[in-house]
Amino acid sequence: MSIFDKARIAILEDKTLWKGWSHLRGITFDFFREGRAPHRLSWEVFERRNASAILLHNVERDTVTLVRQLRIAAHLSGEYPYLLEVPAGFIDDGETAMQAALREALEETGYKIAKAIPAFAAYMSPGSVTEKLHGFYAAVTDADRIADGGGLDDEQEDLEVVELSFAEAMEMVEAGEIIDAKTIMLLQWASLKRRDQPG
């Protein structure tokens, strides 16, 4: 049996439990698998738009540009409220994932770039959240930075642009000082690509 074998799912109820910036849905469904008795399950699903994130790697100085921003959910979980992250944000209507990544790079860090390399697309919490995150990598130089960044005032973003050496960023992942999943994934992706390069 392949892990990609399709199960049959019959949605019995899909109701809104809460709707605001995101949408919390209560889903009741019957789940059928060959050779097994059907199960009736009730799950809560948090519907969020898909998002893009981008790792900006200055190849002249071997540094990465991250943003330091307030994360109240991390604070409520007992973490320090400010996390270091790659630039990221929701994909707006009519945008591609790459367009969103390039827009976020400019808004948050001031880097204007024309293209990026797709690294992955992944569900960050597929048991309950619909959001798929598209990760990108871009090699940049000092000449690509045309503005200060820091986010948009009308989105009430409180961002500090932080530049670290690539090595220091990886050390911070290992030390548990960078704890944002998308940032860890993109740094690890870039690290693996570096190992694949000759010399």
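**Exercise 1. Surface charge**

Task: In this predicted model, which residues gather in a patch of negative charge on the surface?

Solution: 
- Step 1. The patch of negative charge is made up of Glu168, Glu171, Glu174 and Glu177.
- Step 2. Exposed means over 50% relative accessible area.

**Exercise 2. The nonpolar core**

Task: How many residues does the largest nonpolar core have, and which have the most contacts inside it? Which element gives the largest share?

Solution: 
- Step 1. The largest nonpolar core has 26 residues.
- Step 2. Leu55, Val64, Leu66, Leu164, Ile178 and Leu187 have the most contacts inside this core.
- Step 3. Two or more core residues come from each of several elements, including the strands β4 (51-58), β5 (63-70), β8 (117-123) and β10 (159-165). The helices α3 and α4 are also among them.
- Step 4. α3 gives the largest share of this core, with five residues.
- Background. Nonpolar side chains tend to be buried together in soluble globular proteins.

**Exercise 3. Arg49 and Asp92**

Task: How many salt bridges are there? Take the pair Arg49 and Asp92: which parts does the pair tie together?

Solution: 
- Step 1. The count comes to 16 salt bridges.
- Step 2. In the bridge between Arg49 and Asp92, the closest N and O atoms are 3.5 Å apart.
- Step 3. Arg49 lies in the loop between β3 (39-47) and β4, and Asp92 in the loop between β7 and α2 (97-109). The pair therefore ties together parts that are 43 residues apart in sequence.
- Step 4. Arg49 has 41% relative accessibility and counts as partly exposed. Asp92, at 33%, counts as partly exposed.

**Exercise 4. Glu160 and Arg68**

Task: Where in the chain do Glu160 and Arg68 lie?

Solution: 
- Step 1. Glu160 and Arg68 meet in a salt bridge through their side chains, at 3.4 Å from N to O.
- Step 2. Glu160 is in strand β10 and Arg68 in strand β5, 92 residues apart. The pair links distant parts of the chain.
- Step 3. Glu160 is partly exposed at 40% relative accessible area. Arg68 counts as partly exposed at 26% relative accessibility.

**Exercise 5. A network**

Task: Is Arg103 buried or exposed? Which residues are joined into one network?

Solution: 
- Step 1. Arg103 forms a salt bridge with Glu95, with the closest N and O atoms 2.7 Å apart.
- Step 2. Buried means under 20% relative accessible area. Arg103 is at 19%, so Arg103 counts as buried.
- Step 3. Salt bridges that share partners join Arg49, Asp92, Glu95, Arg103, Glu104 and Glu107 into one network.

Definitions and conventions: Residues numbered from 1 in each chain as written. Predicted model: local features only at pLDDT ≥ 70, side-chain atom pairs only at ≥ 80, totals over all residues. Heavy atoms only, no water. Patch = residues over 30% accessible without salt bridge, like charges linked within 9 Å, V, L, I, M, F, W, Y side chains within 5 Å. Areas by Shrake-Rupley, 256 points an atom, 1.4 Å probe, with all protein chains shown as cover. Salt bridge = Lys/Arg side-chain N within 4 Å of Asp/Glu carboxyl O. Lys, Arg positive; Asp, Glu negative; His and termini not counted. Charge placed at Lys NZ, Arg CZ, Asp CG, Glu CD. Core = buried A, V, L, I, M, F, W, Y, C linked by side-chain atoms within 4.5 Å. Buried < 20%, exposed > 50% of the residue type's maximum accessible area, 1.4 Å probe, protein only. Helix = DSSP H or I, 4+ residues; strand = E, 2+ residues; numbered from the N terminus.
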